[in-house]
Amino acid sequence: MQYTLLILVLPLLSFIVLGLVDSKWKPKVAGTIGTVVLGIITALSYYTAWEYFSMHRVAGVYEKLIPYNIEWLRFTEFLHINLGILLDPISVMMLVVISTISFMVNIYSLSYMHGEKGFERYYAFLSLFTFSMLGLVVATNIFQMYIFWELVGVSSYLLIGFYYTKPSAVAAAKKAFIVTRFADMFFLIGILILSFYTKTFDFSILTAEHTTVFAGSAGATFLGFGVISWAMAGIFIGGAGKSAMFPLQIWLPDAMEGPTPVSALIHAATMVVAGVFLVARFFPVYYFQTPEVLHGVAYIGAFTALFAAVIACVQTDIKRVLAFSTISQIAFMMVALGVSGYDGQEGTGYMASMFHLFTHAMFKALLFLGAGSVIHAVHSNEMKDMGGLRKYMPITNWTFLIACLAIAGIPPFSGFFSKDEILSASYEFSPYIGGIMTFAAALTAFYMFRLYYSIFWGKDYIIKAAAHGHDDHGHGHTPHESPFAMAFPLVFLAGVTCVAGFIPFGEFVSSTGAEYHIHINPTVAIMSVVVASVSIIIATLMYRKPTATPDKLAKTFSGLYKGASNRFYLDEVYMFITKKIIFNSVSRPLAWFDRHVIDATMDGFANTTQWVSVKIKGFQSGQVQQYAYVFLLGTLLITAIVLIF
Amino acid sequence: MNFLSLFVLIPALMMMGLFVSNSRKQIQFVVATGASLLMILSGIITYMYFIERAAGNAATMLFTADTVWYAPFNIHYSVGIDGISVAMLLLTSVIVFTGVFASWKIDPLPKEFFLWYSLLSIGVYGFFISTDLFTMFMYYEIALIPMYLLIGVWGSGRKEYGAMKLTLMLMGGSALLLVGILGIYYGSGATSMNILEIAKLHIPIELQRYFFPLTFMGFGVLGALFPFHTWSPDGHASAPTAVSMLHAGVLMKLGGYGAFRVAIYLMPDAAKEMSWFFLILTGISVVYGAFAAIRQTDLKYINAYSSVSHCGLVLFAILMLNETAMTGAILQMLSHGLMTALFFALIGMIYGRTHTRLITEMGGLMKILPFLGVSYVIAGLASLGLPSLSGFVAEMTIFVGSFQHTDTFHRVLTIVAITSIVITAVYILRVVGKILFGAVQDAHHEHLTDATWYERLSVVTLIIAIFAIGSAPFWISGLIHDSVIPVIGQLAK
Amino acid sequence: MDLLNNILSGSIPMEAYLGVSLIMFFAGVYGFLSRRSMLMILISIELMLNAADINFVVFNRYLFPGHLEGFYFALFTIAIAACETAVAIAIIINIYRNLTSVEVGNLDQMKE
Amino acid sequence: MDYSSFLQMHEEFSLIVVMIFLLVYDIFAGEKALKYFQPVALLLLTAHTIINCVPRDAFSIAGGMFQYVPMQTYVKSILNVGTIIVLLQAHKFLNEDANRIKRGEFYFLTLSTLLGMYFMISSGNFLMFFIGLETASIPMATLVAFDKYNRKSAEAGAKYILSAVFASSISVFGMSLIYGSTGTLYFSDLPTLITGTPLQIMAFVFFAVGLFFKISLVPFHLWTPDVYEGAQTNITSYLSVISKGSAVFVLFTLLIKVFGNLVNQWQPILYGLAVVSITVANVFAIRQQNLKRFLAFSSISQAGYILLAIISGSAMGMASLVYYVLVYMFSNLAAFGVISVIEERTGKVKMDDYNGLYQTNPRLSFVMMLALFSLAGIPPFAGFFSKFFVFSAAAAQGYYVLVFIALLNTIISLYYYLLVIKAMFLNKSENPIETVKSDVPLKISFVICTLGILFVGLVSTVYTQIAALSFGM
């Protein structure tokens, strides 16, 4: 399957080409190039998927294929970075997801970003991002993954900061990069520890031969914990950074400063699931070597899911609502991995997590794109500027509704199936986690429909005089349905969302690679549907027509409300740490120390010499007799010294 | 006389050419041809080196030539190169070349400027090709002195102070160094000052205990070893563009190279015994420099401190005393040389336009100077270790290598050093965000013109080099790795 | 007492001469350091030189009577001393012409 | 007794011939002929130098009074070349109406000091040595006071003669004690007789300070700056290079040939003196404004560096010492030459006056820069090599600490040398020194010095020649 190499090469080429020509070509040309390339890639990935999954299994599992693998940089005889392509169920699945979404986003952007300054730059960055993401998922070894991990980080930095004249965008981009960079540091440390003990970077060795390679590290501990636990914890922190797990989630909401399609691509569908993908990659290692870390993943995930869901309920910027819902959904996947067992029906969680990753990518992208077309229409992110839009933009309305139902977990939409699996897996692990997750699911349904109603229903839309807000194109006061280029992706994704649930996902992807039969756990299923419907009804009552209930509630739980709407002041905490502690309490003193202590010492030598020189000038008195006197003293002194010693 | 001496000869000829040339055109012609010749020559050398190695020539040094110079002191004029020298020669040629174009329109006294510039490059080239302690030291000092006038006459800001400080502190370094060299020579009882000869002998350990620290610190001063780094901010801040490029790009590498080639290679026992102490110092400079850089507001100071941090990493890796880390150290020299040169070139060009280096007084330059802006971002990304740019390769090699050390102390220290990559990201993004992005601070900046052809030429050359190392590291790392082996052999002895 | 006897009996011990020369020498040194007039200083220098001469002669006479090195040295020293004095006097006159004084203390135009 | 053996003293005789010829020429030649006095004199001296530049086999005549070793030829040639350079630089000064009348004296005095040094160098007996020393120093006093209507010059002369006589009288006293304790004044007989009794040690110290005075080591240096400042600049350069150069060589030979048994006494003495001289001189130098004083202190610290070579007492030491003197001569004479020409034409000797010199006098400032860099020991100039060899000679005997101290001092010295360079190249001045025209002889002298500075280091044969004839303990 050598042709898979094209999947990596093409976007890189289009990045280089678009990057170099910059604004020398017509925007349309650049856009077309980018889109066409993506189209080809999508086709290729579908073909890959088809070919891969239509191969019959060896010993009941899909085998790992490595069609391409070259040595890029050699450290020691064991440790060397290879660049290659690893095909196994999850990577193929990711290929499909990524190419599909970014293809959609490319089409969508053709009209959404139409007339923006730096259109070519935008498409160049999109290609770069796609390249990095694809390279990440097909990585054959940790270091290749780390390389593309960093590239992903940078391209997201560039995309978030696309409107580089806008200070808030620049700040958001910087924040995103530094937070993820901070997490990557732990990732790197984890890699180093792991490779030090296992003497390899290679995934297939690490996961397949985990019994033998970890023999060397048996019993090795550092500060009381097993070294491998440290390593895997570090790697998980890396993943948590990208996947915005608590407490590293702070960058994601700000990242919404980027153009909306970018949010759809990066911060909904692809990049943020990199962390989940990473943990899934290492799943056998986590499961067999460091179960305690795996459980840690579950707990952190559960907390994040709840935490984000609560915040999402009170946000008023629609993109931020979606951002928090993303955090919470990613957390669902993490939990699923954390609670999963390994083989057979034990492996529900793993399968569910991947399944949810797949379905979530589709409907979350759909949601973002829908939000995008709304914003495109009303030039604002704020709920208060919206309402009653269903009359003006039917397609967006219907597709958005489908997505909401899917994420809320209403059958027959895709979300139901994947989420249901996750819940049942959590219940098998522990009722508490299960309970938390169910509650989070309920909140999900609630805030999504709050969002939906306040956009499309609620008060009627007031036609404003001047358009203001997010990205101005200045035209049209009356909101209108989006053009085809924007509508098509919505419809397409909606279609996928409707049918995706019926894909026999377990037959393709499972923890062992062996076939796995999805079975709906009736109790859990019914309960979750009921819970979801109830919260939808509540939302309907509160938001379908403008009522006073929301404000009343806000009053009664004012503490919670304020906290939630300020995201529980986490950003302030971070600000305090970075600004006050690191900048003012470390850097500034250091800089001062350097100038006024160390440097001063160096200058001190010089000044002392000068001072001495001034002090002793009296010796040169100009009196010849004194000269003779000193002369004589010198003579006698020398004599005395020599005679004594 | 063997053809390596061309590296010294060509700049000498440049100097003569400059003596006779009197119009700016002629001067430019002379230096441009000279620099390009050096570029080509280093390319040829690299090619020949690979050929030789491929032919199975396993000697430590290739193309060696040895002429007795001062028989009474066994001083020979002996040259030779291994992979590391080749890498350094390439680096030097690139930077000399780009430096020439970066100071294409230098004013006043272009003739004198390039005279000193050529003398400087004589020193640097000579240092890298010579295998004799005396000639090495001589070239080292030749490289130090032109700095004073270059900074003093063509510099900016507190140039007299900066120049004097830089010269004197580096002179102090060479004072330590000279004692160390004499100690090595007489301690080993060698009948020649040729490094390869001395390496065969064994210096008694109790002597090494004295002379290793002297030699290492002597070179360390030039390598910006904490706490002897303070010349770097003032010196670089006041130096003219090309000089900052050459100094931060190549001269600071003399420190690392010398520490590697002389201190460690000739006194391995003491190195093993004392490395822990210097490791702590270098570890400090890595983190300390990065933190200090966060708070600066002058572009050149920021870059100077980041150089302290990056060069600290070089010495740090050398002291890890294992082949991967040492390979990484040399790679880091290359990569830091290129990117810091790029930084200084860009800073110089921006300063030439905005007439300020304070990040508080700039903003939104990306819109006005797209070329310089993009290049600056690339330089920044290289410096914070983005894959496919040189910085990543070097740092990763260093970290992986250092982490292979069996001793926990070293591994923990490595982790401490790793934190620097985050801090680096912080200050790089701070600068980029402040000066390139956001709104335009100063209305006068609105109608600045973007880079001219010669500026573009020098910048693009550097960027290409950075990419070449970053995206295809295997050849250069192999080149270096083979030449690290002898030193490892010494350590194993 | 016996010293006196020796003097009377015409056989004076060498130490006596050495004592004299030593006293002369340091008298000269003292004079050089303390006198204000350059002429006095010159005289003091003469004392120092002559002390050395006495040494030579005495040593030669008492210790190494065989040959005449000491005497010759003394003679040459006297001659050289004469030259020195001549030159010195010339310079002092020159000083007097410039400063109208021979106070050594006035020679302090150049210092530090 | 066969007096023909005296004729073996080639150098001395040919110099005496030149002197007498010039004396006669100066007295009897008419106005017309006197125009050519200086060219003739210089040509004669050059001839004298060339004739006597080839070493011969060692010999000893006059019953050991006069001892010749081949090395002396090199030393004497160095002194000759130095003298010639000084006279070239003095050419213009001596052609001024005020001085033309005294021209003959100038030459005669200079050459007689040179003759004195010859004898001092080749002496085999303390008497001979003493005569040489005085012959070298008494005319020097008159030279220092040469400019007799200038108060400073007179003062300098007085200071010089008084200190010199004081020093030599102490030295003579020391000699007398040596004679007393050993019974001989012949260098050849002394080594066995000097056994290190307290008296001898004291005698040695008394004797040695006479030379220390000439070399002007701290604390016997106090006369130096004043005399250097007061004397006419060409005299100063002569004083700083020629007489110092001869003295260090003699000191070295005496120490190893005569006082070899006292090595454990004189090595520590020189150690201390070296450290003190270098340091104190440097500390004084950094404050100096008058460039002649400045160079005076610098020359004191240079003398300190030379001591490193003497301490080693080895053949390597002697070679590096002679080499050092050679290089030092070129560098210092170049520096003094620039100062003298500027002082003569404009009367400016302060460092601030040199601000912006490069704009108006690029050539002079270039020569000055070369000289200063060479003095500071910067490659590729000769000074670097001489310093390195001296240090290496000391290090070979294990004096690492001393070398280290000396090196730290090179930082200070570099600092003050750079101050001058800063003044010339960096500083701007609204009224810089106007462009100075230098006459042909001066140009020649500069060319010689520059060539010396540039090539004596890079061309190793010079050193190897010297090293071939050097001897040590």
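Two strands are said to pair if DSSP finds at least two bridges between them. The views below show a predicted model.

**The hairpin of S1(B) and S2(B).** Strands S1(B) and S2(B) run antiparallel to one another and are joined by six bridges. Within this pairing, B:Ala65 lies opposite B:Val79 of S2(B). Four residues separate the strands of the hairpin, and B:Asn74 adopts a positive phi near 55°.

**Strand S2 of chain B, covered on both faces.** This strand comprises residues 75–81 of chain B, and seven of its seven residues are buried. One side of S2(B) carries B:Ile75, B:Tyr77, B:Val79 and B:Ile81, whereas the other carries B:His76, B:Ser78 and B:Gly80. Both sets of residues are buried.

**The side of chain B that touches chain D.** Here, 25 residues of chain B are in contact with 29 residues of chain D. Strand S1 (62–70) and helices H5 (133–144), H6 (146–154) and H7 (159–188) of chain B each contribute at least two residues to this side of chain B. The largest share, twelve residues, is supplied by H7(B). Sorted by class, this side of chain B consists of 19 nonpolar, four polar and two charged residues.

**The fold of chain D.** Chain D contains 21 helices and two strands. Its C-alpha trace extends about 65 × 55 × 45 Å along the principal axes. The radius of gyration of chain D is 21 Å, which agrees with a compact globule, because a globule of 473 residues would have a value near 23 Å. Of the 473 residues in chain D, 67% are buried. Among contacts in chain D with a separation of 6 or more, 80% join residues 24 or more positions apart.

Methods
Residues numbered from 1 in each chain as written. Chains lettered and ligands numbered in written order. Predicted model: local features only at pLDDT ≥ 70, side-chain atom pairs only at ≥ 80, totals over all residues. Contact = placed C-beta atoms within 7 Å. Nonpolar A, V, L, I, M, F, W, Y, C, P; charged D, E, K, R; others polar. Rg over C-alpha atoms; globule rule 2.2 N^0.38 Å. Buried ≥ 20, exposed ≤ 12 C-beta atoms within 10 Å, placed from the backbone.
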